[in-house]
Structure formats: structure tokens, C-alpha cells
Amino acid sequence: MHHWNGEQHEGRGAPFTLTNPATAATTGTYRLATADDVDEAVAAAKAAYPAFKALTPGERADLLLGLADELEARSEEIAALESQQTGKTIRLATEFDVPGSIDNARFFAGAARQLTGLSAGTYWEQSTSMIRREPLGVIGSIAPWNYPLQMAAWKILPAVAAGNTIVLKTSEMTPGTSLILAEAATAAGFPPGVINVIAGDGQDAGEALVTHPDVVMTSFTGSTPVGRRIMELAARKGARVHLELGGKAPLVVFADADIEAAARGAVAGSLINSGQDCTAATRAIVAAEHFDAFTDRVAELMAGVRLGDPSDPATDMGSLISLTHRDRVAAMVERAREAGATIRTGGQIPTRDHLGGDLPGDPESTAYYAPTLITGIDTDAEVWREEIFGPVLVAVPFDTDDEAIALANDTRYGLAASAWTRSTNRALRAAADIEAGCVWINEHIPIVSDMPHGGYKASGFGKDMSQYSFDEYTQIKHVFIDQHEDPHHAWQDTIFTT
Ligand code: NAD
């Protein structure tokens, strides 16, 4: 269940049982990776680095194109496994996760050949200066369970496109598709040791990877508290970090918005991946005059979302990742209810025939939670401030545009946001004034390989995807070539008087 140095390996750690959270069925058992396994994987990455770094960008691009083809050939198998290990719908895995990751590989094949820097030239008398953009070495990456394949792709592809080698630790709950990615890389001709994937828990394998002396950078996607722990550990050895952390995205519906479009955007944007999406719409901030119409329509659309067997293409929303996580989401909604919030729809573990759906197992032992809309809260409420990471949208009204922007920014997070308006000026103001790494106008969610993804504020720093990700995975070297014909160099007169 681990892949390093071009081969499958058994872990040395405790046995871990994989469970399909949508059916409660056991789907396999494997042994977690330990610190010794991390050592072996890092040693393989270190050994592979000098030769891989020496490849031309064109050669690396060919490998990435081959990897994209290998993934495409295994698309169905990958989508089915992703759905089985996470509880997400086969439709989402097939239409979003898998093609997005394949497109990432093709994007980075092209991007590998487009590294940029200042032009070579004469910046000092009688000399030529030039820039080399070079890889860093062995990257350690740590990924969450919500989009296992896409997160692995976002971490691995820019790193290797730039000439680094990498050890990725997946979440212990969802190792399957990241391992297929590593196998596909080997099948595509990536040299052994360039792309290594291990599955293990955070405190053992994760911390062993971050603190490993041969790992020059940690690229992490996950929660803000764990990101801060990783920053602390990396600081002890003075190593770089790139942190993609939590979010609490606002969705601002201005007075002139298309309310139907905004309501549809809010429902799709809050329920994607059962709400377990760092950019999911979580806080709807709605012009007071439209508040009732908007929330009525959102509640109606949410109530029509079909929960059911994730492997059925007709199912709209699958389960959450685990019973533990479902219970955490349910407890947060319960605390809001007890504090006086109005639960407009949902707010419960669905019953077997909830929404007319056909849940694949006993609702108590499977990890479903009903799409939920909450109103009537204060902005100091837990559900307004904390990441819920479930299918829960909270809505509040506003009176003025200034108030709307202030509410949007009333969060320590800053990953993504959307603004809904027909006014160019309002759109441009929202784009400028909302503190987030992405602001969508009249949409919420689309991500593309060509554009950067990353946070402001407590949502982290550094970018995934796009050319900007190379700022994380490369270092810049200035090469200075003196062209004087004689030994007298003017600046040396600061030392020599003769
Ligand atoms: P998490 O922080 O609990 O775990 C993420 C990864 O870190 C897992 O692989 C885990 O094993 C590992 N980990 C945990 N403790 C560790 C430690 N002490 N040292 C090293 N590694 C450790 O997050 P999660 O519950 O898996 O995922 C949900 C979180 O991820 C949410 O907060 C979500 O917003 C965030 N997320 C962010 C983005 C983004 O792009 N910004 C994308 C997806 C998810």
C-alpha cells in the first residue's frame, strides 16, 4: 500500500482498516507507514534527485504527458476507488476529480518548458548576469482526505515539473488513488524514486517526513492548526513550507444580483463534495430585501438534492468521510440550534427514506448528513466563525455594500469568496476589497490548472497549480560572468588604492 523507489511496499506500522463511509463496508486492510518507511522513501527520492534534476524540461514534459495518458487509461478504476474511499459521488469523481487531475498533468507538461525569470543582460559594467531557476531537492508533501487524487496531483505535478523529487504522505483513510498516481508515474517511465507515495497517520509518518533532515521543503494541504504545527517543526530546521489551509468562504449576494443564479450557486457551492471543500460556500451574505426569497429558494433546492448510493450516477450527494466527522458536523449544528438559530432545512442525520432517496446502508452507521441551511445567527456564532466542513450553509442579511464587504472579511480565513451582482463597479469593488486568494464573480467553485489556488490570512500562503506554483518549488540563482579584459575592476578601488 505504499510506493517508493518504483515499487510497492508493505508498511511497517499498525494495521489500518479501510471503510467505505457511505456503506460502512470494510474495503481492505493495510499497514501504516512508519518513520522507518519514511526514511526509505526519502532515501529513494534523494538518490533519484541528481539525475532527475539533470533532465531537460522537454524530457520532464514527456514523462508528464505519459503520466496523463496512464491516468486517463485508468480513469474509471480511479473514479470508482475515489468514490469508495471518500463516500463522494461517482459523478463528482468522474466529472471533476479525475479529469481535473489529468488536465493538471498536461498543464504542467507545458508549464515545465516555460520557466521564467529576468532576461540575461549587462546589469554591472563589463559583465553578463543571468538567472537560473532551479529545483530545491526532495520535497515532502502532506495531503488531506477530501480530494485525495487532486490533492496528490496538485502537490506532485508542479514539484516534479520543476525537477524536484517528492515523497507524498496521503491521509491514512484515502490512500488508493494517490498510490495509483505513483504506479502510473512508474508505468509512464518516471525513474524510480522521483515520485513516492506513502500512507500513514499525521503524528508518526507526517511528522517524520516534515522533520527529516533530507526534506528541504514541506508542502502541506490540510487544516490550519496542523499547518501551524508543521510550520513550527519546519522552522526548527529552517526549512521552507507551503501551506494550503482551511477556509470559510463568503458568498455575497448584492441587491442587483440574479437571485436564481445566486441560489443555485450557493447550493452547488456549499454541497460540493458534501461540503468537504476548503473553498465551499459557507457564509451567504445577502441583501436584506432579497433575504427571504434567497433563503426560501436555497432551502427548496437543498431539499431536492438526492442523497444516496455514491456509486449510482443519479445520486447528487454522497456521505461525509467518516462517522466521527459526521458527528462533529452534527454537533456544531446542534449547538447552533440550542443557541437559537433557525434550521431552515436539514440539520439532521437523514433517515433511510430521507428526500425519497435510497441510502445504501443503515443511516446511523453510514456517514450521511442532510443538506442544511441555517439562519438567525449572530456573527459570533460558532457556525459563522469555524470551519464546519460539511453540507451546511449559514445565511445573514445586510443593508449596505460596506456592511457586506465587512461581513465577507469577518473571518480569520481568506481562501476563496464569491460576489453576485450585475454591476461592474460592485464586481470590481468586491474583487479588490474581499481578502481572499480567489474571488469569483457570479460563480462559486470553478478551479483551473492555469490559475493559482491559495490562501490569504489563516488560509495559508503559497500557490498550488498555475505557473505561480513554481515560485514554491524552485529557487532562483543569479549567475554573474565577468568580462573585463584586464585585472583592474573599478569597484575593487574600495579596497585597493593602487
Ligand atoms: P488535517 O489537517 O487533519 O490533515 C491533513 C493531513 O495532515 C493528513 O494527511 C494528516 O495525516 C496530516 N497530519 C495531521 N497531523 C499532522 C502532524 N502533526 N504532522 C504532519 N502531518 C499531520 O486535515 P483533514 O481533516 O485531512 O482535511 C480537512 C482540512 O483540509 C480542512 O481544514 C480543509 O479546509 C483543508 N483543505 C485545504 C485545502 C486548500 O487548498 N487550502 C484543500 C483541501 C483541504
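This is a predicted model: local features need pLDDT of at least 70, side-chain atom pairs count only at pLDDT 80 or more; totals for chains, interfaces and linings use all residues.
**Entry 1: strand β7.** I started with burial. Of the 6 residues in β7 (residues 165–170), 6 are buried, so the strand is largely enclosed by the rest of the structure. I then checked side-chain directions. T165, V167 and K169 point one way, while I166, L168 and T170 point the other way.

**Entry 2: neighbours of β7.** I looked up the pairing next. Strand β6 (residues 138–142) pairs with β7 in the parallel sense over 5 bridges. V138 stands opposite T165. Helix α5 (residues 148–161) carries the chain from β6 to β7 in a right-handed β-α-β crossover. Strand β8 (residues 195–199) also pairs with β7 in the parallel sense, over 5 bridges. Here I166 stands opposite I195. The chain goes from β7 through helix α6 (residues 176–187) to β8, and this crossover is right-handed.

**Entry 3: salt bridges.** I counted 32 salt bridges. I picked out E40 and R12, at 2.5 Å, N to O. E40 sits in helix α1 (residues 35–53) and R12 in the loop between β2 and β3, 28 residues apart. E40 is partly exposed at 34% relative accessibility, and R12 is partly exposed at 41%.

Next I took R422 and D258, at 4.0 Å, N to O. Both are in loops, 164 residues apart. R422 counts as exposed at 61% relative accessibility. D258 counts as partly exposed at 35%.

Key: Residues are numbered from 1 along each chain as its sequence is written. Side-chain values use heavy atoms; hydrogens and water are left out. Buried means under 20% relative accessible area, exposed over 50%, partly exposed in between (1.4 Å probe, protein chains only). Helices (H or I, at least four residues) and strands (E, at least two) are DSSP runs, numbered from the N terminus. Two strands pair if DSSP finds at least two bridges between them. A crossover is right-handed if, with the strands pointing away from the viewer, the path from the first strand over the helix to the second runs clockwise. A salt bridge is a side-chain nitrogen of Lys or Arg within 4 Å of a carboxyl oxygen of Asp or Glu.
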